[in-house]
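Hello,

Here is the structure I promised to pass on to you. Have a look at it first, and then read on for what turned up.

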Amino acid sequence: MFQSREAAGRLLAEKVLAAAPENPVVLALPRGGVPVAAPVAAALGCPLDLTFVRKIGMPGNPELAAGAVVDGAAREVVFNAEILAAAGLTQTDLAPEVEARLADIAEARRRLLGGRTPEKVSGRTAIVVDDGLATGATARAALRALHNRGPLEVWLAVPVGPQETVWKMRGLTDRLIFLEAPRNFVAVGAHYADFTQVDEAEVARLLQDAEARR
């Protein structure tokens with residue numbers, strides 16, 4: 001069990017640093033991924049940025065994900081073709097939902113990052129960091145979108161996730177770094193002594209500290 005997200009991040013940073021990524025940039029999934037990502041970025045001496053992912057819900061069933069929107073210098077929309085086909089829908093049918101989620105992301109980025117321009121990932125090792133994987137849907141969307149932005153490599157670094165989900169991520173990454181992958185996984189929070197919700201003030205502080213170190 002990890003004492004906190006920060007403690008898990010320090011352990012994760014050791015493994016990422018040992019892997020020696022070339023020209024890295026760390027992209028945290030907010031908000032829980034930010035305290036984990038901050039020690040990783042500090043160890044590498046590289047930029048820390050956020051990558052926002054929002055689920056695109058199906059009409060009449062918003063909990064069922066038809067895809068996801070991922071932000072960045074060029075925003076990406078990733079659709080689940082099988083779910084759309086089963087419902088007899090096209091990507092155009094979901095255009096209003098996509099626009100609504102893009103607006104959500106724009107507002108979240110404004111609150112947390114102000115007018116800061118997203119870090120470029122072209123020609124860099126983009127390292128996606130979260131506090132853990134459950135279904136892995138959010139991380140998968142982020143990884144797929146990043147591959148379209150010309151990175152040198154795309155890595156995923158997480159402290160913990162169910163064994164089956166972790167192995168499935170291998171096909172989406174150039175390198176997968178994790179600390180624990182239990183077979184009998186219950187929830188991400190079960191692996192932390194302190195899994196207090198991360199608020200926006202803490203996210204802003206960690207980003208400011210990372211910028212000051214640079």
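**A glutamate under cover**

Glu119 has a relative accessible area of 17%, and it counts as buried because that value is under the 20% cut-off. Please keep in mind that this is a predicted model. Glu119 sits in the loop that links helix H4 (95-113) with strand S6 (125-129). Which residues does Glu119 contact, once its neighbours within four places in sequence are left aside? They are Val25, Pro47, Asp49, Arg124 and Arg214.

Leu11 belongs to helix H1, which covers residues 5-18. Its relative accessibility is 41%, so Leu11 is classed as partly exposed. Setting aside neighbours within four places in sequence, Leu11 is in contact with Phe2 and Leu179.

Strand S3 (residues 53-58) and strand S4 (residues 61-70) run antiparallel and are joined by six bridges.

**The chain overall**

Stepping back, the secondary structure consists of seven helices and eight strands. How does the radius of gyration of the chain agree with that of a compact globule? A compact globule of 214 residues would have a value near 17 Å, and the chain has 17 Å, so the two agree. Along the principal axes, the C-alpha atoms fill a box of roughly 45 × 45 × 35 Å.

Of the 214 residues, 51% are buried. Among contacts with a separation of 6 or more, 66% are between residues 24 or more positions apart. The chain exposes about 10,100 Å², with carbon and sulfur atoms supplying 49% of that area.

In case you plan to look at the charges, there are 24 positive and 26 negative side chains. The centres of these two sets lie 2 Å apart.

Conventions: Residues numbered from 1 in each chain as written. Predicted model: local features only at pLDDT ≥ 70, side-chain atom pairs only at ≥ 80, totals over all residues. Heavy atoms only, no water. Helix = DSSP H or I, 4+ residues; strand = E, 2+ residues; numbered from the N terminus. Rg over C-alpha atoms; globule rule 2.2 N^0.38 Å. Buried < 20%, exposed > 50% of the residue type's maximum accessible area, 1.4 Å probe, protein only. Contact = heavy atoms within 4.5 Å. Areas by Shrake-Rupley, 256 points an atom, 1.4 Å probe, with all protein chains shown as cover. Lys, Arg positive; Asp, Glu negative; His and termini not counted. Charge placed at Lys NZ, Arg CZ, Asp CG, Glu CD. Pairing = 2+ DSSP bridges.
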